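My notes below follow the order in which I looked things up.

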Amino acid sequence: PLVGTKKMFEMAYKNGYAVGAFNVNNMEITQGIVEAVAEEKAPLILQISRGARSYASMSYLKAIIDTAVAENPDIPIAMHLDHGDTVETCKQCVDDGFTSVMIDASHSPFAENIEITKKVVEYAHAHGVSVEAELGQLGGIEEDVVGVAADDVSKHLTDPDEVVEFVEKTGCDSLAIAIGTSHGAYKFKSEPKLAFEVLEQVHEKLPGFPLVMHGSSSVPQEFKDLINKYGGNMPDAVGVPEDAISKAVKLAICKVNIDTDLRMALTAKIREVFSTKPEEFDPRKYLGPGRAAIKDMVKRKLHVLGCAGKA
Ligand code: G3H
Ligand code: 13P
Ligand code: NA
Ligand code: ZN
């Protein structure tokens, strides 16, 4: 069924795993994700960015997700707004039937972030919808917002001394923290490194409170290699090692956001079909294998996150 995230996070927190939050932009991506969680019996968060809303339109995305939910009555699926930019966007999504929204006012000063987040919480809670907020800044690119440069990420980590006041004043239900990850395929200039000490401190200050990790793709070597082999050009791509993700989910991380790895799986497969079968021009002959590649990637992630078998 279509559900909220409250129960999902309670279970994840207690049992030391995280729920995968995967970005959806079209039918094939959604089907690949949902087929994987159905086979692995995992809870699921399908998330929609502003970019996804403008690409596919909300009514198409909603219809696709409603269908996925109807076809998988045993799987808890939440529909979540990824990186809501304004109070208005969040309210719109509450009205559109989302069960969870993120307000990302992390680029605003602390007091303003609190004010904006609080307004979203008031509206969302009145409609039974949960709110994810963010403190600290991630690097990389999301839609038209350019984040902190990859080599500056460490200067914008979440300040553990701010989290209690932030959560108390806003009433948010979960908190995205910046511990050195960034969005996209180029997360680190040299060695991948996460600030686990920040995660540990936040975890201590907010016992029982669910935390969220963005920018959690791992940019698996074999997919990078496939893309580069079949005419792509992303030689310097680096992600978060999967063992670091598995370590974080045992602490308070209850939701892990993954988009880039699904994009890479789809792109690698389509490139492979294009180069090995240049005569092919039926979209089903490359989108179909692309969808299967997404399914395999999601299955792999469910095991990294420990949520397989938890639905
Ligand atoms: O936040 C970043 C996600 O990967 C969504 O990306 O804004 O390009 O849809 P997008
Ligand atoms: P990745 O770019 O690492 O997949 O992160 C996605 C994300 O955080 C979406 O909010
Ligand atoms: Na967890
Ligand atoms: Zn994000």
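Entry 1: I began at Phe22, which stands opposite Leu46 in β2. The model is predicted, and I keep that in mind throughout. I then checked the pairing of the two strands: β1 and β2 run parallel and are joined by three bridges. Phe22 also stands opposite Ile258 in β10. I looked up that pair of strands as well, and β1 and β10 are parallel, with four bridges between them. Within this pairing, Ala21 has Asn257 of β10 as its bridge partner.

Next I asked how covered β1 is. Five of its five residues are buried. I sorted them by face. Val19, Ala21 and Asn23 lie on one side, Gly20 and Phe22 on the other, and both faces are covered. The sorting rests on a simple rule: in a regular strand, side chains alternate between the two faces of the sheet.

**Entry 2: the barrel.** Which strands close the barrel, and in what order? I traced β1-β2-β3-β4-β5-β8-β9-β10, eight strands with parallel pairing. Neighbouring strands of this sheet are turned by 25 degrees against each other on average, with direction ignored. For the protein as a whole I noted twelve helices and ten strands.

**Entry 3: around β3.** I moved on to β2, residues 44-49, which pairs with β3 in the parallel sense over six bridges. Ile45 stands opposite Ala78 in β3. On to β4, residues 100-103: three bridges join β4 to β3, and the two run parallel. Here Leu81 stands opposite Val101 in β4. β3 is mostly covered, with eight of its eight residues buried.

One residue of β3 made me stop. His83 lies in this strand. Its phi is positive, about 55 degrees, although His83 is not a glycine. I noted it because most residues other than glycine have a negative phi. Is His83 buried or exposed? I found 25 other C-beta atoms within 10 Å, and the cut-off for burial is 20 or more, so His83 is buried.

Entry 4: I looked at β8, residues 174-177, and β9, residues 211-213. They pair in the parallel sense over two bridges. Ala176 has Val212 of β9 as its bridge partner. Val212 also has a partner in β10, namely Lys255. β9 and β10 themselves are parallel and share three bridges.

How many residues of β10 are buried? Six of the six are, so the strand is largely enclosed by the rest of the structure.

I then checked what lies across these strands. Helix α1, residues 6-15, lies across β1, β3, β5, β8 and β10. Its direction is at about 110 degrees to β10. For reference, β5 covers 130-135 and β10 covers 253-258.

Entry 5: I went looking in the loop between β9 and α9, the place of Val219. Helix α9 covers 221-229. Phi of Val219 is near 50 degrees, a positive value in a residue other than glycine. I checked its surroundings too. Val219 has 21 C-beta neighbours inside 10 Å and so counts as buried.

**Entry 6: ligand 2.** Which residues come nearest to ligand 2? I listed His214, Ser217, Asn257, Asp259 and Thr260, out of 13 residues around it. Asn257 was already in my notes as the bridge partner of Ala21. β3 and β10 each supply at least two residues of the shell.

**Entry 7: the whole protein.** I closed with the overall numbers. Along its principal axes the C-alpha trace spans about 60 × 45 × 35 Å. Buried residues make up 52% of the 311. Last, I looked at contacts between residues at least 6 apart in sequence. Of these, 74% join residues at least 24 apart.

Methods: Residues numbered from 1 in each chain as written. Chains lettered and ligands numbered in written order. Predicted model: local features only at pLDDT ≥ 70, side-chain atom pairs only at ≥ 80, totals over all residues. Pairing = 2+ DSSP bridges. Axes fitted to C-alpha atoms, helices over the stretch in contact; angles between N-to-C directions. Contact = placed C-beta atoms within 7 Å. Near = placed C-beta within 6 Å. Buried ≥ 20, exposed ≤ 12 C-beta atoms within 10 Å, placed from the backbone.
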